[in-house]
Amino acid sequence: MSAPQLVVHRDKELMAQAAAARLITKIVDSQAARGSASVVLTGGRNGNGLLAALAAAPARDAIDWSRLDVWWGDERFLPEDDPERNVTQARAALLDSVPLDPSRVHAMPGSDGPNGNDAEAAAAAYAAELAAAAGPEDHGDVPTFDVLMLGVGPDTHVASLFPELPGVRETERTVVGVHGAPKPPPTRISLTLPAIRAAREVWLLAAGEDKANAAAIALSGAGEIQAPAAGAYGRSRTLWLLDAAAASQLPRSLYPPASP
C-alpha cells in the first residue's frame, strides 16, 4: 500500500492540462522501460477533461500509440454506442484521433453485446479478458497497469464502487456487475478494489467544490466501505490530483505549499 501524495492546482483546466502532461511522461517512460504501457481510463467530467487536454497537447505525439493498452475502470451498462457510455465519450475526446491498435483497446461489454442484458456475465467476460492479458510477472488475474485513473464522486465513490453497496466489499473477483447504483444508470460494470490495487500507480482526480467533502473524508482515514476512494491505492504510488476548490476542506499540512 502506498501513502497518498497530493498535488493541488489552481483550477480544473490547469489540473487537466498538468495531469495530461504527467500521463504523457508516464506512458513514454513505461514504453521505454518495458516496450509497452497500459492505462485504465475513467469517465466523468474530470476523466474526459484530462483526455481532451491530452488530445490538445502537442507532446501527445511522443507516445507510441500502437504500443498502448487501454482499459476502463467501470462502464455504464448500456448499448455499445450509447453516448452515455464512458468508451463513447473517450473516443470522442481522444481515442478516435490517435493511432491506437484496435486490438489493444479493451472496452467493457455493452448491454447489447454477446452477453446480452446480463451484467454479471458481462463482468465475468471482462474479468476473463483481464486474466488473459496478465503475465507471469503480474500479481494474479490482472495486468500490472502502469496508471489507473479514477474520478472521485461527491459521495466518495470511485469507478462504480459506491459506499456500502456489495461491489466495494468484493475481495475475490476482479470485475463485478453493479445493481441499484445511486446515480443513473443503475446497472454498471466495475473493477473491484483488488483489481484497482494491482496498478503500479493509481491517480484520483477531483475538481470542483462538490468534491471537497469527499476528498476530505477519503483522506481523513475513513474506511473503504463507507468511503471507497479511501481504499483505492497503487502498488508504488497513489496520487490525488485536485483543483483548489476540491482541496478547500483539506488541511494545508496534507499537501505542499508549492503546489501550483
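Q: Which residues line the largest cavity, and which elements give two or more residues to its lining?
A: In this predicted model, the lining of the largest cavity is made up of L23, I27, V39, L41, L51, L54, W65, L68, V70, L94 and L95. The elements that contribute two or more residues to this lining are α1 (12–34), β2 (37–41), α2 (44–56) and β3 (68–72).

Q: How many cavities of 30 Å³ or more does a search of the whole structure find, and about how much space lies in the largest cavity?
A: Rolling a probe the size of a water molecule over the atoms shows where empty space is left. When the whole structure is searched, 1 cavity of 30 Å³ or more is found. The space in the largest cavity comes to about 60 Å³.

Q: What class of residue, nonpolar, polar or charged, makes up the lining of the largest cavity?
A: Sorting the lining residues by class gives no polar residues and no charged residues. The lining consists of 11 residues of one class, and that class is nonpolar.

Q: Where around the axis of α4 do its buried residues fall, and which strands do they pack against?
A: The buried residues of α4, those under 20% relative accessible area, are A119, A122, A123, Y126, A127 and L130. Seen down the helix axis, these residues fall within an arc of 140°, so they line one face of α4. The strands that the buried residues of α4 pack against are β3, β6 (175–178) and β7 (188–191).

Q: Which two residues are joined by a cis peptide bond, and what is omega there?
A: One of the two residues, P185, is found in the loop between β6 and β7. The cis peptide bond joins P184 and P185, with omega at about -10°.

Q: Is A159 buried or exposed?
A: A159 lies in the loop between β5 (147–151) and α5 (166–169), and its phi is near 50°, a positive value in a residue other than glycine. Because its relative accessible area is 8%, and buried means under 20%, A159 is buried.

Q: What relative accessibility does E164 have, and what does it count as?
A: E164 is placed in the loop between β5 and α5, and although it is not a glycine, its phi is positive at about 75°. Its relative accessibility is 41%, so E164 counts as partly exposed.

Conventions: Residues numbered from 1 in each chain as written. Predicted model: local features only at pLDDT ≥ 70, side-chain atom pairs only at ≥ 80, totals over all residues. Heavy atoms only, no water. 1 Å grid on protein atoms, 1.4 Å probe; cavity = no way out; pocket = protein on both sides within 12 Å on 5 of 7 lines; lining within 4 Å. Points joined across faces, edges and corners; volume = space filled by probe spheres on them. Helix = DSSP H or I, 4+ residues; strand = E, 2+ residues; numbered from the N terminus. Nonpolar A, V, L, I, M, F, W, Y, C, P; charged D, E, K, R; others polar. Buried < 20%, exposed > 50% of the residue type's maximum accessible area, 1.4 Å probe, protein only. Arc of directions from axis to C-beta. Contact = heavy atoms within 4.5 Å.
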